[in-house]
Amino acid sequence: MVSSADSFRLSWLGWWRLVGQLRRRGRGIRESGAFLLGHRHSGPGVVTDFVFYDEIDPDALSRGHVHLSGQALGKVWDRCGVRGLEVLADVHTHPGSAGQSDSDRAYPMIAIKGHTALIIPAFARSATNLRGVGVYRHLGAGNWISLPSPKAGWRGITF
Ligand SMILES: [Zn+2]
């Protein structure tokens with residue numbers, strides 16, 4: 001089910017950094033992606049750290065669409081364990097619009113119920129086009145729902 005317990009917040013500075021990194025790593029010609037790490041103490045989660053796919057898997061962006069090895073996923077869990085964080089969401093870019101592809105739906109980066117996947121359109125060219133960002137929550141067994149666009153506030157962006 002959709003629960004506000006799964007929502008999370010990212011500061012403006014964090015968002016600009018994230019979008020800038022995704023844009024640079026994709027170079028306008030290929031998809032790039034990252035995990036958003038953070039914590040949930042009370043209320044919505046707070047993103048404090050990113051792990052970019054090409055940091056943990058040199059081949060992650062080489063196919064044009066993002067892809068991670070199982071070994072790379074292990075590195076994410078390790079980093080979470082060391083820093084006491086959890087994966088709050090994943091994000092990747094698309095060349096065009098932010099609709100989920102068949103493979104996005106069929107192969108979630110993390111196949112956990114309640115996991116959130118973000119898609120940033122146009123290879124993350126714009127950090128201000130929040131309405132263009134796709135927000136999807138995994139309901140399990142390959143089922144997803146599309147959530148409203150991220151909400152901008154003075155403390156940051158809520159997904
Ligand atoms: Zn995709």
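Colleague: Which element gives the most to the lining of the largest pocket?

Modeller: This is a predicted model, in which local features need pLDDT of at least 70, side-chain atom pairs count only at pLDDT 80 or more, and totals for chains, interfaces and linings use all residues. Residues are numbered from 1 along each chain as its sequence is written, and side-chain values use heavy atoms, leaving out hydrogens and water. The pocket (an open set of 1 Å grid points fitting a 1.4 Å probe, with protein on both sides within 12 Å along at least five of seven lines; lining atoms within 4 Å of a point) has 22 lining residues, with Val66, Ser103, Asp104, Tyr107 and Met109 nearest its centre. Two or more residues come from each of strand S4 (86–93), helix H4 (102–106) and strand S5 (116–120), and the most, three residues, from S4.

Colleague: Which elements does the salt bridge between Asp54 and Arg25 tie together?

Modeller: The side chains of Asp54 and Arg25 meet at 3.0 Å, N to O, within the 4 Å limit from a Lys or Arg side-chain nitrogen to an Asp or Glu carboxyl oxygen.

Colleague: Which residues are linked with Asp54 in a network of salt bridges?

Modeller: Glu55 pairs with Arg79, their closest N and O atoms being 3.7 Å apart. Glu55 is in helix H2 and Arg79 in helix H3, so this bridge ties together parts 24 residues apart in sequence. The network links Asp54 with Arg25, Glu55 and Arg79.

Methods:
Helix = DSSP H or I, 4+ residues; strand = E, 2+ residues; numbered from the N terminus.
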